Structures are given as structure tokens and as C-alpha cells.
Amino acid sequence: MGVTPSVVIVQGGEEIERHDVETWWYDKATLNIRYPNGEVEEFPGGNVMKRL
């Protein structure tokens with residue numbers, strides 16, 4: 001996917017912005033976001049709504 005500057009995630013009816021996203025993937029019902037520094041953030045039940 002390459003580096004995407006920002007994405008909007010929907011989780012539990014809430015919209016969450018994350019910036020400098022390298023890639024994302026789903027593991028069962030969990031959205032995983034990886035940043036260029038290697039850090040991975042998990043969003044159980046989350047979905048990427050759009051790229052900014």
C-alpha cells in the first residue's frame with residue numbers, strides 16, 4: 001500500500017483519525033495499523049472508512 005498520510009477509522013460509532021500510516025490489515029475482527037517506525041496499533045471491531 002505504501003505510506004498513506006492519514007486514514008479515518010470507524011470504531012464503535014466513533015471516527016478516529018490516524019496520520020503517517022504505512023499499512024493496515026485485518027486479523028479476524030481487529031484492524032491493525034502499522035506506522036513507519038514499526039509500531040502497530042490495534043482497533044478491535046474497527047474499519048478504515050477513508051484515506052485522506
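## Glu22 and its partner

At 31% relative accessibility, Glu22 is partly exposed; that label covers the range between buried (under 20% relative accessible area) and exposed (over 50%), using a 1.4 Å probe and protein chains only. Its partner is Arg34: the two form a salt bridge, with their closest N and O atoms 3.6 Å apart. A salt bridge here means a side-chain nitrogen of Lys or Arg within 4 Å of a carboxyl oxygen of Asp or Glu. The two residues are 12 apart and link distant parts of the chain, with Arg34 in strand β4 (residues 30-34) and Glu22 in the loop between β2 and β3 (23-27). Arg34 is partly exposed too, at 32% relative accessible area.

## What you're looking at

This is a predicted model, where local features need pLDDT of at least 70, side-chain atom pairs count only at pLDDT 80 or more, and totals for chains, interfaces and linings use all residues. Residues are numbered from 1 along each chain as its sequence is written, and side-chain values use heavy atoms, leaving out hydrogens and water.

As for confidence, pLDDT is the predictor's own score for each residue, from 0 to 100. The protein's mean is 92, and 92% of its residues get to 70 or more. By element, β5 has the highest mean (97) and strand β1 (residues 4-11) the lowest (90). Strands (E, at least two residues) and helices (H or I, at least four) are DSSP runs, numbered from the N terminus.

## The other salt bridge

How many salt bridges does a search of the whole structure find? It finds two. Besides the Arg34 and Glu22 pair, Glu41 and Arg18 meet through their side chains at 3.0 Å, N to O. Glu41 sits in strand β5 (residues 40-44) and Arg18 in strand β2 (residues 14-21), so this pair links distant parts of the chain, 23 residues apart. Glu41 is partly exposed at 22%, and so is Arg18 at 25%.

## The sheet around β5

Three strands make an open, antiparallel sheet in the order β3-β4-β5. β3 and β5 are the edge strands, each pairing on one side only. From one strand to the next, the twist averages 20°, an angle between N-to-C directions, on a scale from 0 to 180 degrees, of axes fitted to C-alpha atoms (for helices, over the stretch in contact).

Strands count as paired if DSSP finds at least two bridges between them; β4 and β5 have five, in the antiparallel sense.
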